[in-house]
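Here's a quick briefing to read alongside the coordinates. Have the viewer open and follow along.

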Amino acid sequence: MEILVLIKRVPATGGRITLTSDAQEIDTKFLGFTVSPHEECAVEEAVRLVEAHGGSTTVMTLGPAEAEDQLREAMAIGANRGVLLDSGGRDWDAVATAAALTSAIRAQEAANGPFDLLLFGNESADSGGYQVGIRVAVALGRPCVVGVKALEVRDGMVVAQREAGGAREVYEVPLPAVVAVKEGINLPRYPSVPGRLRARKALLEVVMPEERAAGPTKVHLIVPEREETIAEVLGTGPDAAPRVVEVLQQLGLVGS
Amino acid sequence: MILVLVEHVEDRPERTSLEALVMARQLAAGGAGGPIEALLVGEGAASAAGWLAPQGVATAHVVSHPSLIDYAPVAWAEVIVQLMAARGPSVVVASGTDRGNEVMAYVAAKAGLPMAANCLAAETGGPGEPLMLTRQRWAGSLIEEARLTASTALLTVAPHAVADEETDAAGAPTIQAFAPAIADADLRTRVVGRIEPEAGKVSLSDARVVVGGGRGVGSAEGFADLEELADLLGGAVGVSRVVTSAGWRPHAEQVGQTGLRIAPDLYIACGISGAIQHIVGCQAAKVILAINKDPEAPIMQRARYAVIGDLHSVVPAISAEVRRVTGR
């Protein structure tokens with residue numbers, strides 16, 4: 001199976017987010033960067049599928065030159081090749097991102113043969129647009145399932161499950177297909193030492209895509225003000241239980 | 001005209017779709033221009049449309065198509081694209097649910113238009129003017145103000161972020177059957193089966209009470225105390241990301257940025273410090289009760305009530321008191 005995983009480099013935000021003085025970006029002076037969480041699981045899923053079915057995993061990102069680190073993280077856990085689409089450090093909108101990925105996927109397939117499966121994260125941690133995977137699937141004319149929490153490939157078909165209320169919906173689409181996964185589909189492994197060494201030396205292909213922006217256009221970012229309340233302390237330790245149950249009764253959650 | 005995709009369960013509109021209608025009315029009043037028309041697809045669509053009387057909807061387009069009984073996102077999007085061609089809306093709004101975001105992304109891809117997910121507010125100077133959007137990034141930890149210029153603006157509304165009010169402009173919508181042309185290719189992605197949850201188990205997304213557990217629970221076994229209390233209150237257990245990463249509980253129970261966003265009447269946060277990635281998943285709860293050893297934990301600034309102490313002695317004491325009071 002030939003699998004392509006599309007990932008995004010995002011800041012590893014901690015407790016409180018601070019912005020740059022022009023309110024255009026998160027201030028990353030004191031932050032590390034990581035692969036967006038759903039996509040970390042997409043990489044793991046690809047590596048597992050290749051372990052089970054053979055083939056290889058390619059990982060691709062649109063991002064700044066530094067996104068090389070995230071491609072190498074993916075290669076350290078088992079991806080075989082990396083492709084960096086250099087965004088020039090700008091935050092591309094979903095239309096422009098999908099167009100650049102689609103052209104790059106076509107070029108990769110023309111050079112190295114078709115991919116059976118394209119794996120995306122369901123939505124990126126930062127912009128949360130919920131659309132890049134679907135746009136690429138429509139452009140390439142391939143079936144797509146998003147929100148996937150369990151994935152199986154058998155007899156040329158993808159069988160995917162996603163949560164819907166308390167139940168799970170089952171989808172079945174033929175390969176080649178596009179699947180957008182959610183965190184929880186697996187627990188990503190830690191990279192091994194030989195994996196890290198191999199990833200450090202691996203060659204990366206770098207592509208300079210053309211940006212065709214369509215919007216929406218970011219005006220600025222805001223850290224939302226949250227009403228910080230001072231909690232009413234109902235008590236300390238187990239002695240607080242009667243007071244807690246009084247509150248539950250006031251809320252109509254326990255009969256009296 | 002503003003078109004709103006209304007999701008429904010059996011014959012009742014979803015609360016998140018009523019929230020989308022609130023934004024549509026704000027847009028109609030704020031320069032985009034009315035009327036508001038709704039689209040409902042699948043079994044029960046016509047009866048669900050009957051519930052839209054207090055929502056200011058002029059026309060409800062109802063689709064009952066033999067291929068659209070089960071959910072099929074590409075075909076739903078095709079219905080919207082065809083209705084857009086017939087009715088020419090300036091804005092199409094859906095709720096920012098799994099389905100709403102998915103369908104609108106297909107509409108955007110098919111129509112070659114931009115789309116803005118999880119908006120909190122939208123306004124415009126008038127027809128033809130750009131939309132000024134406020135939308136969630138980082139699952140709501142960060143807000144973006146953005147400008148959108150498009151022949152038809154495609155938006156989804158962040159769930160549980162606006163109140164689902166009714167309007168005085170009451171009046172039942174005119175119900176019109178809409179018959180789309182659906183190609184086989186649009187039905188490749190569709191639900192072919194469902195795996196139902198265990199009978200009698202309260203779903204985390206619908207539970208009125210959620211007992212949440214974090215790092216402070218300490219182990220998989222430690223959740224027995226939380227499960228007991230959740231059962232007594234007819235609620236469900238939810239967890240933070242640390243808990244699923246440690247393998248203590250299944251990921252389906254994760255509340256937060258990469259898990260579920262819930263809106264129960266009461267969220268009991270046990271041994272949860274209150275990292276922003278978790279808070280964005282539970283901040284829509286009407287009341288938060290925090291049980292934590294650390295009176296300085298960030299969760300205390302989000303909670304209405306707090307108990308200071310070890311959850312493994314406090315939670316069983318609450319369960320015992322609930323039993324005593326209810327005689328169970």
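## Domains of chain B

Five residues of domain 1 of chain B are in contact with six residues of domain 2 of chain B, where contact means C-beta atoms, placed from the backbone, within 7 Å. On the domain 1 side, that's two nonpolar, three polar and no charged residues; Ala, Val, Leu, Ile, Met, Phe, Trp, Tyr, Cys and Pro count as nonpolar, Asp, Glu, Lys and Arg as charged, and the others, Gly among them, as polar.

Some ground rules: this is a predicted model, with local features needing pLDDT of at least 70 and side-chain atom pairs counting only at pLDDT 80 or more, while totals for chains, interfaces and linings use all residues. Residues are numbered from 1 along each chain as its sequence is written, and chains are lettered from A and ligands numbered from 1 in the order in which they are written.

- Domain 1 of chain B covers 2–187 and domain 2 covers 209–326, with bounds from an automatic or database domain assignment.
- Taken over C-alpha atoms, the centres of these two domains of chain B sit 34 Å apart.

**Where the chains meet**

- Chain A puts 68 residues into the contact and chain B puts in 76.
- Helix H8 (residues 311–326) of chain B supplies nine residues, the largest share of the chain B side; helices (H or I, at least four residues) and strands (E, at least two) are DSSP runs, numbered from the N terminus.
- By class, the chain B side splits into 41 nonpolar, 19 polar and 16 charged residues.
- Strand E14 (residues 232–236) of chain A runs parallel to strand E17 (residues 305–308) of chain B, joined by four bridges; pairing takes at least two DSSP bridges between two strands.
- Glu232(A) has Tyr305(B) as its bridge partner in E17(B).

**A helix pair across the chains**

- Helix H4 (residues 132–140) of chain A packs against helix H4 (residues 98–111) of chain B at about 45 degrees, with the axes 9 Å apart. Axes are lines fitted to C-alpha atoms, for helices over the stretch in contact, and angles run from 0 to 180 degrees between N-to-C directions.
- That's why H4(A) and H4(B) are oblique to each other: under 35 degrees would be roughly parallel, over 145 roughly antiparallel, 65 to 115 roughly perpendicular, and the rest is oblique.
- From H4(A), Ile134(A), Arg135(A) and Val138(A) meet a group in H4(B) that includes Glu102(B), Ala105(B) and Tyr106(B).
- This helix contact has five nonpolar, no polar and three charged residues.

**The ten-strand sheet**

- An open, mixed sheet runs E13(A)-E9(B)-E8(B)-E7(B)-E10(B)-E6(B)-E1(B)-E4(B)-E5(B)-E11(B).
- E13 of chain A and strand E11 (174–177) of chain B are the edges, each with a single partner strand, so one side of each has no neighbour in the sheet.
- Ignoring direction, neighbouring strands are turned by 30 degrees against each other on average.
- Strands E1 (residues 2–5) and E4 (residues 36–41) of chain B pair in parallel over four bridges, and Leu3(B) stands opposite Glu37(B).
- Helix H3 (residues 73–87) of chain B packs on the sheet, touching E1, E4, E5 and E6 of chain B, and its direction makes about 150 degrees with that of E4(B).

**Backbone spots to check**

- The Leu175(A) to Pro176(A) peptide bond is cis, with omega near -5 degrees.
- The Gly215(A) to Pro216(A) bond is cis, with omega near 0 degrees.
- Glu10(B) has phi near 50 degrees, a positive value in a residue other than glycine.

Conventions: Two residues are in contact if their C-beta atoms, placed from the backbone, lie within 7 Å.
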